[in-house]
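I opened this entry to look up the sheet, the core and the charged pairs. My notes follow in that order.

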Amino acid sequence: RVHAFSPQVDLAFTWPTFGTQEVRQQFRRQVQDSVARCRGKGGVVHIHVGAENHTDNRHAAALAPAVVHLHETANHNTMKHVKQRGKLLPLLKFEVMDLLIP
């Protein structure tokens, strides 16, 4: 499993003037290739974003198919939000235990 919190997967969504179009396309391609390798090994991609952060939701949709977890925030820093609500540590503990117990 892979967990990503508010991933930036397409520079055109948030930084449309960053670099050339070729640079933005290469970035997008490399992100997609990396995620595809995770899926190719049987991995499931979990994306955590704020329900009210429309830009982050666009990024999450660009990684489909993925399991998208919407959190009650508009903030881009979803990991901080999840941590402040006491939900990050249990998530990490569950993932580690799942690795240790076959």
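**Sheet.** I looked up the strand order first. An open sheet of three strands runs β1-β2-β3, with parallel pairing. Strands here are DSSP E runs of at least two residues, helices are H or I runs of at least four, and both are numbered from the N terminus. Two strands pair if DSSP finds at least two bridges between them. β1 (2-5) and β3 (67-71) are the edges; each has a single partner strand, so one side of each lacks a neighbour in the sheet. On average, neighbouring strands are turned by 20° against each other, direction ignored. The axes are lines fitted to C-alpha atoms, for helices over the stretch in contact, and angles between N-to-C directions run from 0 to 180 degrees. I then checked β2 (residues 45-50): β2 pairs with β3 in the parallel sense over five bridges. Ile47 stands opposite Val68 in β3.

**Provenance.** This is a predicted model; local features need pLDDT of at least 70, side-chain atom pairs count only at pLDDT 80 or more, and totals for chains, interfaces and linings use all residues. Residues are numbered from 1 along each chain as its sequence is written, and side-chain values use heavy atoms, without hydrogens and water.

**Core.** Which residues make up the largest nonpolar core? I find nine: Ala4, Val9, Val31, Val35, Val45, Ile47, Val49, Ala60 and Leu63. Such a core is a set of buried Ala, Val, Leu, Ile, Met, Phe, Trp, Tyr and Cys residues joined through side-chain atoms within 4.5 Å. Buried means under 20% relative accessible area, exposed over 50%, partly exposed in between (1.4 Å probe, protein chains only). β2 gives the most to this core, with three residues. I listed the contacts of Leu63 (heavy atoms within 4.5 Å). Beyond neighbours within four places in sequence, they include Val31, Val35 and Ile47.

**Charged pairs.** I searched the whole structure and got three salt bridges. The criterion is a side-chain nitrogen of Lys or Arg within 4 Å of a carboxyl oxygen of Asp or Glu. Glu95 bonds to Arg1 this way, with the closest N and O atoms 2.6 Å apart. Asp98 and Arg1 also form a salt bridge, at 2.1 Å, N to O. Asp98 lies in helix α5 and Arg1 in the segment before β1, so this pair ties together parts 97 residues apart in sequence. Glu95 is buried at 14%, whereas Arg1 is partly exposed at 47%.

Asp10 and Arg28 meet in a salt bridge at 2.7 Å, N to O. Asp10 counts as buried at 8%; Arg28 counts as partly exposed at 27%.
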